[in-house]
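Hi,

Here is the structure I promised to pass on. Have a look at it first, and then read on for what turned up inside.

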Amino acid sequence: MTNVKRLLIVIVAIFFVFAIKVRYGGQISILLNEPVDFNYSTTNYSDTIFYSLIHENFFYMKKDGAVFSNIFSKFSYDKNKNQVFLEIKKNSSFSNGSPITGKNIHYSLKVFFNRENSVAKKISRSVNKIETKNNRVFITFNYELDNIFQLLSSPELAILSMNENAFSGMLIPDEWERKKYLKLIPNIYYPGGHTYLDRVNVTFDNKSSPDIFLADPGSGFASHIEFKAGIYQNIFLTFPIGDTGKNTRIALYSFLKVFFGKYEFEDINSLTSDKESPVSIKVTQFSMRKIRSILRNSQFKLYINSSLKKYEEELNNFIKRNYLRISLVFIKNTQLREFTESGTLIKFYLTEKLFSSKTPHVDKIKKIIFELTFSRFSEKYLQIVNELDELKYLKNTELLMDRISTVIDILINKEFILPLKQKQFSIYCKDKFQNFYLDYYGRPVFRKIRMK
Amino acid sequence: MKKLNISIFFFFITILLVSSQGIKSLSEKISGNIENFFSGKNQIKYSIIRFESSSNLSDLELQRFYHMIITPIERSENEQFRDLSTGFNNGKGNFDLNRINEINHFISIKLINNMGKLGAGIIIYNRNVNRIVSVKYYEEPIKKREVELLRIKDPGLSSREYSKLYDIRVSHNLLNVASCNIKGTEYVFFLLNDRIDVYTLTENSILKLKSNEVEWGRPHFPSIQNEGNLFLFEENDDIFLIVGSNFSRYSYIFNLKDNELKRIAKFDFSVADVFIINGVRYIAGFNFSFGKNFYKGKLFLKQFNSVNFNAGETYIKNLPDFYSAAFYKDRGEFRSLYLIDLNYNMRIFSDTINETPGSDSKFGYTHAISEDVIAISSYTENNDRLKMMKIGNDINTPIFNKEIKGKIRLIEKGIVEGKHGFWIIVEKSNKGFKNLKLQFWRKNID
């Protein structure tokens, strides 16, 4: 056989023969923030992506709004009974081989309902009862809910085991070297089917050359293809109990704005994004001298969501350099309620929120109110809720914007919340993988990614 | 009654043979002419690149006739002939002309009607010297009945050609198939994701008798694409079915009684065959790489114990990981093992499981062996090809080479009406919708 013929056979083989059966194997690396632990959390974009790898959501929403599930073989909604029926796929297991049962679904729903999450609150308020029978679950509601399965496709609603070392997602942790990397391998029991890749390496330092990373939109990396996630992440300073002096509030806000100014964040003059907001928020920023003079004599705790833990060391140094007496307490989403219910008075809470540009502006405002006002049942809070309730009856865009402006005005001026910074994201992926795409919430779907 | 049936059968065969004389004679003259022309010219590669009809033959009849001509040529020991046909329509054959660079001589055949006779003009063209080197014309009287015989599923005209006996639309979830004859009734078993369906075959239809659920149990290894094994064997008038899959740790043995399948035992590998080595019977099988679409490279050989399936000792032999495996047996004795590895190479192992020199040819990913014929899928851009080779011959010399409309997903050996052949599962796409077809291909006369 001549060399030319051999070459032709190889070319034909590459283009045709290898196309016929999906090939397993290969690995992919992704640069993300280091997670605190493996307990489900979706506060920021990086965490949302990371936890989607090891925890399976109840439902997923396609771009056209259609919903599908890798865990339920049947799901339906009976309008007459206001009842959702879920049937778990036969023989479904967590990563340790233990069965996924109706009890796990019930437990996962309870955890979800306890989250500071607007969708969770909306659903939990309307739930009458949850019944389980082996691999079947019946959720009965007090009244009819529109698009219930779209609500249940919330990224915050994941299938959780009561055992910390069992995961429902497509990958499981294999090896973790703090501050460097975390190696994930396929979960052989994953109900959605074994991934094609052998390994996903999550890296935490910028020194590596990852296959996938997050960066500002339009960054133009020659070696990577940009996928517009339509996701932005805002940092808010909130005041859960509201009992703070205005000067202290603005001084802390100004101080943090200077600190985060060192990082790749954009300024923001709205609660969501400047493009869509009808109101431009102007908060007078104090000079460093004034900040120091106001805060130097105060001693207080700044509670910070653990998703921002990577700034801990730098922020502590920044505080020391300015001779302030602010102590930092990092807490997880799930701990916030425990803290407030145990009587801990949280005056200042720094946190992040993730938004999709596809979500209507009103819904984002609702999310902020329900998740960041900490249900302070004061006159001001009830005024906001009342304004929000009326929004749904407004068809006129101008009137709608007017009301939203009023709500934002109350939120800012009545010491609920101050927006600090914003970061927008695109996902960049090397052109060596097939089936790479983002879901409705901008998360890369790894289930069917494979080497080209 | 039985004697009467046999008499009718032989009467019918006699009618077929007598009434097929004209067509058979014409096809033999054409193929004989071609074989004679190229006899002794071993370096020459040739193909039919034009096959047209001005006769009244339909496309199906034309296709049958074409295969009657090429079958004896393809059986020739020399690998001179290349079948480039891709289909037949509008009274002519379509050929893959992208491959003509491999060819030295082209053949053009034209069929005409000439006063009740079917005539065939054969032109052979030498492309090296750019001229026609042979022209022949033959004709034979053809009765109307003969032409009709070209249309039916088993014309009995060629003793060598394989033909498609069944073409049935089946469920998307069909993983595997097996068949057998029990007391004169043809049974077909479908393994689906969660059940085994039992069917009977009749002349023109397939009837579902029973659906039997398979409780796979744990551990369960979900896969994106499910695959399954279904092995059937008969022992002391009992029918046993063994099912395995790429999502279950265990395979299960069922005993068929009155169309009911009763689970009697489980194995920790998927069973592929039963055969004899050095006078000892073994159950042989493999394990899938669970959750994936290929097998782990280990051959399990378990001593066969018809009283207690789990009693025999198990031996394990190492192999490369592979997509498809088939055992060649001679009168029940294991002779060799044919694997298609993950690079689509055919790998051949002797009866001592030592690798023997194979072929550098690449194929599709599924194959099976029935008696001494190996059927294998071969991937092409649009439609796959079904190729059959005689065991022991060069793997690159097919005795049958046929384009299949769609993608061949699985090939399994099978017996229908007492004749050995192959079940193939074909995936077809039409306007974005996929459907599965189950076909049975067999030799017309064994």
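Helices (H or I, at least four residues) and strands (E, at least two) are DSSP runs here, numbered from the N terminus. The model is predicted, so local features need pLDDT of at least 70 and side-chain atom pairs count only at pLDDT 80 or more, while totals for chains, interfaces and linings use all residues. Residues are numbered from 1 along each chain as its sequence is written, chains are lettered from A and ligands numbered from 1 in the order in which they are written, and side-chain values use heavy atoms, with hydrogens and water left out.

I looked for cavities (on a 1 Å grid over the protein atoms alone, sets of points where a 1.4 Å probe fits but cannot get out; lining residues have an atom within 4 Å of a point). Points are joined across faces, edges and corners, and a volume is the space filled by probe spheres set on them. Two cavities reach 30 Å³ or more.

Strand S29 (residues 419-430) of chain B gives the most to its lining, three residues. Among the lining residues are Tyr162(B), Glu371(B), His420(B) and Lys443(B).

H3(B) provides the largest share of its lining, four residues, and strand S27 (400-404) of chain B supplies at least two. Because domain 1 (16-149) and domain 2 (162-443) of chain B both contribute lining residues, this cavity lies between them; the domain bounds come from an automatic or database domain assignment.

Enjoy exploring!

Technical notes:
On a 1 Å grid over the protein atoms alone, a cavity is a set of points where a 1.4 Å probe fits but cannot get out, and a pocket is an open set with protein on both sides within 12 Å along at least five of seven lines; lining residues have an atom within 4 Å of a point.
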